[in-house]
Amino acid sequence: SIRGGNHETSLALARRAYALKPESEWVKKILLELEVKAGLWIDAVSTCKKITKPSRIRNKSNYKFQATLLYQAGLEAKNKNNLTYAYNQFKQAVTLDPSFIPGVVEFIGQLIRRKKVQKATSLIEKVWKNEPHPYLVKWYWQVVKTKTPIGRFEASERLLSLNPDNI
């Protein structure tokens with residue numbers, strides 16, 4: 001059914017195979033692939049965790065993949081107004097890959113919504129040191145409460161001083 005392009009049937013069969021053989025790595029990998037293709041991010045995060053036990057796979061690309069899945073699951077939860085779950089997914093994504101800017105930006109937004117401005121500020125500064133990105137500037141202006149052009153300039157200078165070699 002995979003070769004025929006029938007993704008719904010393929011997904012149902014993969015879930016059935018997983019129920020029968022939950023320890024089978026190839027079944028979990030196919031299930032994960034089908035969940036990603038279907039945009040079932042929350043399910044994909046769960047399946048990915050079953051495949052990638054920390055003791056089995058420790059590499060940068062695996063963490064980036066997991067962070068991307070967590071980010072997508074967080075967006076899905078946010079769109080469904082499940083902000084607690086979204087917060088947790090974005091937090092895990094940033095923990096796995098602090099260079100994944102979309103995850104960082106969403107997590108900063110969640111921190112600000114929860115009135116955790118100091119945590120948001122320190123996260124922006126920490127990420128900026130290693131991975132400066134223009135989206136971080138907008139959030140930085142918000143957390144340091146700059147409203148005037150000169151205030152934004154001074155805040156930007158503070159941020160730039162954390163990574164002076166990056167221009």
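User: Which residues does F107 touch, once residues up to four places away in sequence are not counted?

Analyst: A contact means that heavy atoms lie within 4.5 Å of each other, and on that basis F107 touches Y87, F90, K91, V94 and L123, not counting residues up to four places away in sequence. Please keep in mind that this is a predicted model, in which local features need pLDDT of at least 70 and side-chain atom pairs count only at pLDDT 80 or more, whereas totals for chains, interfaces and linings use all residues. Residues are numbered from 1 along each chain as its sequence is written, and side-chain values use heavy atoms, with hydrogens and water left out.

User: How many helices and strands does the protein chain have?

Analyst: Helices (H or I, at least four residues) and strands (E, at least two) are DSSP runs numbered from the N terminus. The protein chain has nine helices and zero strands, and its pattern along the sequence reads α-α-α-α-α-α-α-α-α. Of the contacts with a separation of 6 or more, 48% are accounted for by residues 24 or more positions apart.

User: How many residues does the largest nonpolar core have?

Analyst: Buried means under 20% relative accessible area, exposed over 50%, and partly exposed in between, with a 1.4 Å probe and protein chains only; of the 167 residues of the protein chain, 37% count as buried. A nonpolar core is a set of buried Ala, Val, Leu, Ile, Met, Phe, Trp, Tyr and Cys residues joined through side-chain atoms within 4.5 Å. The largest has 36 residues, and those with the most contacts inside it are V104, F107, I108, L123, I124 and L136. At least two residues of this core come from each of α3 (41-51), α4 (60-79), α5, α6, α7, α8 and α9, with α6 giving the most, namely seven residues. A second, separate core has six residues, among them L11, V27, L31 and L34.

User: Where does L11 lie, and what is it in contact with beyond its neighbours within four places in sequence?

Analyst: L11 lies in helix α1 (residues 7-20) and is buried, with a relative accessible area of 9%. Leaving aside neighbours within four places in sequence, L11 is in contact with L31, L34, E35, A38 and L40. L11 and E35 are 24 residues apart in sequence, yet their C-alpha atoms are 7.2 Å apart in space.

User: Which residues of α7 are buried, and which are exposed?

Analyst: An α-helix has 3.6 residues a turn, so residues three or four places apart point the same way. In α7, the buried residues are A120, T121, L123, I124, V127 and W128. Seen down the axis, these fall within an arc of 165° (taken over the directions from the helix axis to the C-beta atoms), so they line one face of the helix. On the other side of α7, Q118, K126 and N130 are exposed. The cover over the buried residues of α7 includes α5 (83-96), α6 (101-113), α8 (134-143) and α9 (149-161).

User: What span should α7 have?

Analyst: The expected span is 1.5 Å times one less than the number of residues. For the 14 residues of α7 (residues 117-130) this should come to 20 Å, and the end C-alpha atoms are 21 Å apart, which agrees.

User: At what angle do α7 and α8 pack?

Analyst: Two packed helices are described by the angle between their axes and the distance between the axes. Axes are lines fitted to C-alpha atoms, for helices over the stretch in contact, and angles run from 0 to 180 degrees between N-to-C directions. Helices α7 and α8 pack at about 145°, with their axes 10 Å apart. The residues that make the contact are V117, A120, T121, I124, E125, V127 and W128 of α7 together with L136, V137, W139, Y140 and V143 of α8. In α8, the buried residues are L136, V137, W139, Y140 and V143, and what covers them includes α6, α7 and α9.

User: Where are N81, K145 and D97 found?

Analyst: N81 is in the loop between α4 and α5 and, although not a glycine, has a positive phi of about 65°; at 60% relative accessibility N81 counts as exposed. K145 is in the loop between α8 and α9, is likewise not a glycine, and has a positive phi of about 55°; K145 counts as exposed at 60% relative accessibility. D97, in the loop between α5 and α6, is buried, with a relative accessible area of 6%, and touches Y63, K64 and A67, not counting residues up to four places away in sequence.
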